[in-house]
Amino acid sequence: MPMKASKVEPQIHTRKQKKDTPWILYIFNHKCFVTTIIGCYSCHWKIKQEKKLKRGQCCSLRERLFYPCLIISFCMSVLLVFVWVESSNEYNGFDWVIFIGTGLWFFWSIVLLSFLGILAAYTSLLLVLGFLLLWEGIELYLHWCHKILILLVIVMCSFFFWILFTYWRDRWLTVGLSLQVFAPYIHLSSIAMMVILSWPLAFYLIRLEGEARFRRYQMTCNERKRNKCNVLTQLRALQVAIGLPFFLILLCLYLLPLGNFSPCVQEKDKLAPKPDLFGHRGAPMLGPENTIMAFEKAVEHGACGLESDVHISYDHVPFLMHDSDLRRTTNIKEVLPNASLTHPSLFDWDFLSTLNAGKWFSQALIKPFFGMKPLSEADMERAGNQKIPKLTELLELAQKEKKFVIFDLNGPAPNHSLRALYVRHVVSIILDSQIEQRLVFWLPAFEREYVKKKAPGFRQVSRLFSVERLTKENITRVNVDYKNLFYNGMREYRAANISINLYLVNEPWLFSLAWCSRIQSVTTDNIQVLNEMTQPSYFMTPKYYLIVWILMDILSAVFIVAILYFHWWKERKKEKLLNSTSIHTESLSTSLRTGESQNQEPSCISIDPVPRVTEIPWTHADLSPALTKNVRKYPYSSHVSVVPMKKASKSKQVSKTIKTPVPGEDDIRQLVPTLKASESIQAPVRDSAREATYQSSSAMKATGIFSSIDVSHPQKQTERSPSTKSSEESLPVFTTSSPSSSS
């Protein structure tokens, strides 16, 4: 009956535990977590006992050689994503370049951004999984499929970097401008990131320190002298190699604001007026570009000037068109498919005036700009009926609204009749339109001297030349790419009283940078958003930034010191636990040796602890395979089996029992087998041996040999008083059997 009870009770306890435990713990447990990260990293999804790492070991040599490739791919992919995100101001231009080459309009910039984001997310995931495996103490093994993909990521990133360095070098200027705007926020975010990274770093450094102490404790004097320059020095060097760069980077971040310059950090009273806005081809997000509707929308949203592109028809009529063919912004493919690639200057105005210049905007599934807000039904209907306008129509609108006009003048085809005289022809058309000359910003550099004489009221606008040349030509305004703002903020031009107009500025952060840099005007596609800005984005005063900087430095230092102290305290606590357990085991062995020397008897007792006992720290689960089920019910009882070292003679076969009664009703002072051979002893043999031991012990007790040792028979245990039982529960049992019972 007791045996049956011992079999049923654990089952009842397990069922009760399953009933009380939430279901989520059975699904999302630690074993499931480890299996998931191993499966994602190594593609091994079978649940098995994984190979644990030894102290000071991380992975095989092959994995160590490949892991830097994973780190390189991660850095390259993240850098590409950052560069492309900061180049969002150029997305429409990138899509236009791809359209010129393929003839298909699509958001290729968003496709490239998504692709680079997938690469960065993939490499980041593998890096995090590898860190989690190291945290769990599991050896790294990256599957060969992942290794091939990582190499492909490196190749693709290298190809994109080659394109950037060869054809798009100015994209790095955009990154530099973004760092000027976001420098204070990147600085504060970097300090917060260093605080987060200090947790695993402190864990690893303290673990290396514990490893060094453990190695030093294990070494003898000779080994310490011989291996001091090898093992311990390597551990110290690894600590320095990991910890020193971290603290140097942290120190640089603490002192970074001393050498940091951001135009958006300045006093409010020194902030320049808001730059004027020129509508780039009108308002191309609110209407078809280079149409009267787009220019009227730009005027409605506060544009101070209108920017356009001018071509001349075959019959000498200037009209508004940007591209060198009519495919993108007209329905030429429906009307005359074979002439879709013909230069616009080779068509008569009578034919050009019949083309629709708005259906591509209103009825297309893919809009010209990503993230455009939907238009009203009235605006959509109006946009679908737009035609190609003449230059004179734009001049009339500018004169009516008192807006400035600036345009690029494109030369006609080589076989055009006005190939050599198109500049003079356009100047005469402008003068005949009766527009005020002060409203015209003349940008073309061809025949500038003729234009100055013919129309002295035009405001001459130049490209980016030296200040000396501009002063010599009496030019007071330049129209430059916004990337040139990276070079010292164009201070020398502002110092020479030369007004600056930047193109093409669509992003609010870039407009804020131009605002804080005292730029007079910008040309934009996103006029409806920039017009609503009342102050620069990411703007802060120096006093506010100073307070946030000092506060962030203090808090981060406190957190990092606290994290280091926490890991040090945790490691010291583990060492104290291990030392106390080791001292307890050594004292136990010393006491047994002392008892033998006092008795002056030949030692037939092994004082060496059983391997299962010497595991530090040990748990009840470690000992439970060698204990009976009655013993398992008392996890706080200590049971040590002392096995004879050698066979004693028959005359000295004595069963010594250092007996302390154990908790429970049953007699559990039986042998704990330490070898598999002892498990094959039959029950009758054990009973007979126990009976013989009892009889011999009783006889010795009667003669007074063991007056201090109480030997009892299992059948007489029920006769003990409760006080005796309670006193017995707190003491361990050391049982020594005769050779016949332990063999």
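**Buried rings and a nonpolar patch**

Trainee: Is phenylalanine 407 buried or exposed?
Mentor: This is a predicted model, in which local features need pLDDT of at least 70 and side-chain atom pairs pLDDT 80 or more, while totals for chains, interfaces and linings use all residues. Residues are numbered from 1 along each chain as its sequence is written, and side-chain values use heavy atoms, without hydrogens and water. Buried means under 20% relative accessible area, exposed over 50% and partly exposed in between (1.4 Å probe, protein chains only). Phenylalanine 407 has 1% relative accessibility, so the residue counts as buried.

Trainee: Which kind of aromatic pair do phenylalanine 407 and tryptophan 442 form?
Mentor: Rings of Phe, Tyr and Trp (its six-membered ring) pair if their centres lie within 6.5 Å; planes under 30 degrees apart are stacked, over 60 edge-to-face, the rest tilted. Here the centres are 5.8 Å apart and the planes at 85°, making the pair edge-to-face.

Trainee: How many residues apart are phenylalanine 407 and tryptophan 442?
Mentor: Strands are DSSP runs of E with at least two residues, and helices runs of H or I with at least four, numbered from the N terminus. Phenylalanine 407 lies in strand E4 and tryptophan 442 in strand E5, so the pair links distant parts of the chain, 35 residues apart.

Trainee: Which helix supplies the largest share of the nonpolar patch?
Mentor: Helices H6 and H22 each supply at least two of its residues. Phenylalanine 566, one of the patch residues, is placed in H22 and is partly exposed at 33%. Four residues, the largest share, come from H22.

Technical notes: Patch = residues over 30% accessible without salt bridge, like charges linked within 9 Å, V, L, I, M, F, W, Y side chains within 5 Å. Areas by Shrake-Rupley, 256 points an atom, 1.4 Å probe, with all protein chains shown as cover. Salt bridge = Lys/Arg side-chain N within 4 Å of Asp/Glu carboxyl O.
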